[in-house]
Amino acid sequence: MVEVLSAGLFTTIQDLGRYKGLAWGVPLSGAMDQTSAGLANALLNNRKACAVLEMTLVGPKLRFHCDTEICLTGAALQGKINETKAVLLNQPTMVQSGDVLSFGKSLWGTRAYLAVKGGFQTEQVMQSYSMYAGITSEGNIEKGMLLPIQAFSEKNPPKKNSLKLNKAHFENSVLNVFPGPEFEYLSEGQKEKLLGRRFTISKNNNRMAYTLEELLENELTPIITSLVQPGTVQLTPAGNIIVLMRDAQTTGGYPRILQLSEQAMNQLSQKRTKDWVGFDMVDY
Amino acid sequence: MTVKLGKYSLTYKKFGPNGILIEWPKRIEEAILYEILAFQEIITSEYGDRVMANHAYQSILVGFPTSDFNFEKEVTILKQGYENLQKPSDKPYTIWKVPVCYEATFGWDLEALSQQKKCSEADIVQLHTQTIYTVYFIGFLPGFLYLGGLAPELFTPRRASPRLKIPAGSVAIGGEQTGIYPSESPGGWNLIGNTPIVLFDPMKEHPCFAKPGDKIQFYSIDKSQYEEMKQTNWIPESEVWHG
């Protein structure tokens, strides 16, 4: 069991996503940065589908009620055990019953991941652990919650996995994109602006979508409500550019001008308000 | 007896690294919906669980598990499926009877609508309940049914500024559409009533009572019936029709 002593800014349980609910309008969800979340599981030899804790800019404070092995990846939130021992990123670390894991300021990145041996065993709804308000009974982690995990003690310490930090994952601001279904209807001028300039991330950025500050004049007619995916870039009638993220709704009526690559989505989710991004078109 | 479908000219586009977007002409019509439902069945029988397919008014998105699928090959398979598309001529369909309380407690915009339309509130309720609506697909929010068939007399623009909180169960009109808010959410549609039924339950194998292709008809109830149905977790009654 892991006890939540404080919740942090926005902390949720996430996994690969909820693929079974699309037809009922249920968002896909899942870890925003699948690369980092997957790395945390891989370093603990967990299954890919194991649930991890996703933390945003300000980490929670957690008390372990059993021994286990943990791994931190993603944003550098300066994890510490019992306020003293630093937990290295991308490096499995043993914790003992009673240990308290706390975090400091983010040195880089926006979303950090905590994996535990065997994964978090919280409520599973429609074959996914990913928290989403209205689907799971809690939409995010709150103070006082108890998160079930399996106890794990190391008897014969095996050779430790660890992985060098890939800083490019956090520093890259040029996102690889594919044309969206309505890209071809943009004028040459609009295409040039879209692919040629930098955009600033507005304060409206969360698990559902990142809205960019700069506008792109829009003369496209709205489309008949159609399908969208995480990574779809929409253009609103007012010219706002909206990048849909993992908790995006399943359908939308704005023209879909671009589609982020999987890697671009993972990289964007490590960005925050006022960071800049650009779009680089790649071939399918 | 079967009816031959597959009469539209479709486009097949890559949408994202893992997806093929199949699009019908840009129209909302039942004939397209029935093609989409039949095509979804073909896709399921062809691919099983290997792909995820979801649809809206005039499109299907087929999602492959990885980006290394062969686009040309898969499009050929899909096109063959479309050419053989057919449906039984008397495919049965379900009509769900959905109770709605149109009293002012719930129908916040009913009075404004009646002034705008220069007709009585009873006329609006009459128009709204006499139509049999078609469920096209579920999107926007978990359990939000996109319904087609609203009487043109009831077309009403969305409110200039959306409300921050619309109660779950609200029955509303937005533009040329009518719908039910399955959960509390912000929204810009005009509220005309509220249904006591549960529209979405993630714990059920079928989280929504209705599915695309089903029909819905609303009927008017009073506040006391509303309260009673709410307390007893009323499940809408249904009839199966052939045609």
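Okay, let me open with a question: among contacts in chain A between residues at least 6 apart in sequence, what percentage join residues at least 24 apart? The answer is 77%. Keep in mind that this is a predicted model.

Let's stay with chain A for a bit. Its secondary structure comes to four helices and 20 strands. The C-alpha atoms fill a box of roughly 65 × 35 × 30 Å along the principal axes. For 284 residues, a compact globule would have a radius of gyration near 19 Å, and chain A comes out at 20 Å, which agrees. Of those 284 residues, 49% count as buried.

So what does the inside look like? The largest nonpolar core has 126 residues. The members that touch the most other members are Ala40(A), Val52(A), Tyr113(A), Ala115(A) and Leu260(A). Take Ala40(A): if you leave aside its neighbours within four places in sequence, Ala40(A) is in contact with Val52(A), Cys71(A), Thr73(A), Tyr113(A) and Ala115(A). As a general point, nonpolar side chains tend to be buried together in soluble globular proteins.

Now a sheet in chain A. You'll find an open sheet of six strands here, in the order E7-E6-E9-E4-E1-E11, and the pairing is antiparallel. The edge strands are E7, residues 85-86, and E11, residues 146-147, each pairing on one side only. If you want to look at the E7 end, strand E6 of chain A, residues 80-81, pairs with E7(A) in the antiparallel sense over two bridges. There, Ile81(A) has Lys85(A) in E7(A) as its bridge partner.

On to where the chains meet. How many residues does the contact take from each chain? It takes 26 residues from chain A and 28 residues from chain B. On the side of chain A that touches chain B, you get 13 nonpolar, 12 polar and one charged residues.

Over in chain B, have a look at helix H1, residues 30-47. This helix has 18 residues and reaches 26 Å from its first C-alpha to its last, close to the 26 Å expected at 1.5 Å a residue. Its buried residues are Leu33(B), Glu35(B), Ile36(B), Ala38(B), Phe39(B) and Ile43(B). What do they pack against? Strands E4 (52-55), E5 (59-63), E6 (86-88) and E8 (133-138) of chain B, plus helix H2 (71-83).

Is E8(B) enclosed or open? Six of its six residues are buried, so E8(B) is largely enclosed by the rest of the structure. E8(B) runs antiparallel to strand E9 of chain B, residues 145-148, with four bridges joining them. In that pair, Val135(B) stands opposite Leu147(B). The hairpin of E8(B) and E9(B) has six residues between the strands, and Phe140(B) takes a positive phi near 70° there. E8(B) is also joined by two bridges to strand E15 of chain B, residues 215-221, again antiparallel. Thr134(B) has Lys215(B) as its bridge partner in E15(B).

Last stop: Gln126(B), which is found in helix H4 of chain B, residues 121-130. Gln126(B) is partly exposed, with 13 other C-beta atoms within 10 Å. Where does Ser220(B) lie relative to Gln126(B)? They are 94 residues apart in sequence but 8.8 Å apart in space, C-alpha to C-alpha.

Conventions
Residues are numbered from 1 along each chain as its sequence is written. Chains are lettered from A and ligands numbered from 1 in the order in which they are written. This is a predicted model: local features need pLDDT of at least 70, side-chain atom pairs count only at pLDDT 80 or more; totals for chains, interfaces and linings use all residues. Two strands pair if DSSP finds at least two bridges between them. The radius of gyration is taken over C-alpha atoms; the globule rule is 2.2 Å times the number of residues to the power 0.38. A residue is buried if 20 or more other C-beta atoms lie within 10 Å of its own, exposed if 12 or fewer, and partly exposed in between; C-beta atoms are placed from the backbone. Two residues are in contact if their C-beta atoms, placed from the backbone, lie within 7 Å. Ala, Val, Leu, Ile, Met, Phe, Trp, Tyr, Cys and Pro count as nonpolar, Asp, Glu, Lys and Arg as charged, and the others, Gly among them, as polar. A nonpolar core is a set of buried Ala, Val, Leu, Ile, Met, Phe, Trp, Tyr and Cys residues joined through C-beta atoms within 7 Å. The expected span of a helix is 1.5 Å times one less than its number of residues.
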